[in-house]
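Open the model in your viewer and keep the sequence panel beside it. The tour goes from the whole chain to single side chains.

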Amino acid sequence: MSLQTPIEVLIQQARKQQAPAQKELYERYKGAMFAVCRRYIRDESEAEDVFIQAFYKIFIHLADFKGTGSFKGWARRIMVNECLMYLRKQHNLHLTVALTDNEMDVSENQEEDYPYTYDELMGVIDLLPTGYRTVFNLYVLEEYKHREIAEMLGISINTSKSQFILAKKKILDILVKKNKDQKGLKENGR
């Protein structure tokens, strides 16, 4: 097998428990799928545990993949669901305060355009509290609607919205502080 093997062929072979095909599927998608886990789970070793469990589920449920969408998208959904199950067990995602409609309207209009790299933004997202980070990832990176996020996490739609708004505010606060700190270092000649 090689990286040129069509995904459909790999999936058919992996469904038949052919180890080389399973290994190639794993090798093709491990980087992207582990990145998904790390966006939700701060601790690397815990993220690895969830990643391994999710990949196990991917192989166990290959027969469920119908081929109507991309395999990567299907596998990603399993990764996200495993991360959410882990977070539900480890963190109380339900104890959050929802903003009023008035607060949401004001906060949503405070978007700024800052030129930060992907790695800088991912680093800042990693600093967010679990609830903020989870909702932010689901809304921005996974493109779920607040209704879907609320159902997935067992929270209200307004709580999902407020967690997202508070996450954006926290991200901006961290980036602004980081920017000020860097300017201060430059002014002091460091």
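The stops below each begin with something to select.

**Ground rules**

This is a predicted model, in which local features need pLDDT of at least 70, side-chain atom pairs count only at pLDDT 80 or more, and totals for chains, interfaces and linings use all residues. Residues are numbered from 1 along each chain as its sequence is written, and side-chain values use heavy atoms, with hydrogens and water left out.

**Whole chain, coloured by confidence**

Colour the chain by pLDDT, the predictor's confidence in each residue, from 0 to 100. The average over the protein chain is 85, and 83% of the residues score at least 70. Helix H3 (residues 44–60) has the highest confidence, at a mean of 96, and helix H5 (residues 101–108) the lowest, at 46. Next select residues 102–112, where the pLDDT is below 50; this stretch has ten contacts in the model beyond near neighbours in sequence, a contact meaning heavy atoms within 4.5 Å. Residues 95–100 also stay under 50 in pLDDT, with eleven contacts beyond four places in sequence.

**Whole chain, as a cartoon**

Switch to secondary structure, where helices (H or I, at least four residues) and strands (E, at least two) are DSSP runs numbered from the N terminus. The protein chain has nine helices and zero strands. Of the contacts between residues at least 6 apart in sequence, 66% join residues at least 24 apart.

Then show the surface. Of the 190 residues in the protein chain, 39% are buried, where buried means under 20% relative accessible area, exposed over 50%, and partly exposed in between (1.4 Å probe, protein chains only).

**Helix H4**

Select residues 71–90. Helix H4 has 20 residues and should span 28 Å at 1.5 Å a residue, the expected span being 1.5 Å times one less than the number of residues. The end C-alpha atoms of H4 are 29 Å apart, which agrees. Show the side chains of H4: the buried ones include Phe-71, Trp-74, Ile-78, Met-79, Cys-83 and Leu-87. Which helices cover them? Among them are H1, H2, H3, H7 and H8.

**Cys-37 and Cys-83**

The structure holds zero disulfides. Cys-37 is buried, at a relative accessible area of 0%, and Cys-83 is buried with a value of 0%.

**Salt bridges**

Show the charged side chains. There are eight salt bridges in the structure, each a side-chain nitrogen of Lys or Arg within 4 Å of a carboxyl oxygen of Asp or Glu.

- Select Arg-28 and Glu-24, whose closest N and O atoms are 3.0 Å apart in a salt bridge. They are four residues apart in helix H2 and so separated by about one helical turn. Arg-28 is partly exposed at 25%, whereas Glu-24 is buried at 7%.
- Select Glu-142 and Arg-76, which form a salt bridge at 2.7 Å, N to O. Glu-142 lies in the loop between H7 and H8 and Arg-76 in helix H4, so the pair ties together parts 66 residues apart in sequence. Glu-142 is buried at 14%, and Arg-76 is partly exposed at 23%.
- Select Glu-120 and Lys-178, a salt bridge with its closest N and O atoms 3.8 Å apart. Glu-120 is in helix H6 (residues 118–127) and Lys-178 in helix H9 (residues 157–187), 58 residues apart.

**Two loop residues with positive phi**

Most residues other than glycine have a negative phi. Select Gln-17, which is not a glycine and has a positive phi of about 65°. Gln-17 sits in the loop between helix H1 (7–15) and helix H2 (19–40) and is exposed, at 55% relative accessible area.

End at Glu-143, where phi is positive, near 60°. Glu-143 belongs to the loop between helix H7 (130–141) and helix H8 (146–153), and is exposed at 64%.

Conventions:
A disulfide is a pair of cysteine sulfur atoms within 2.5 Å.
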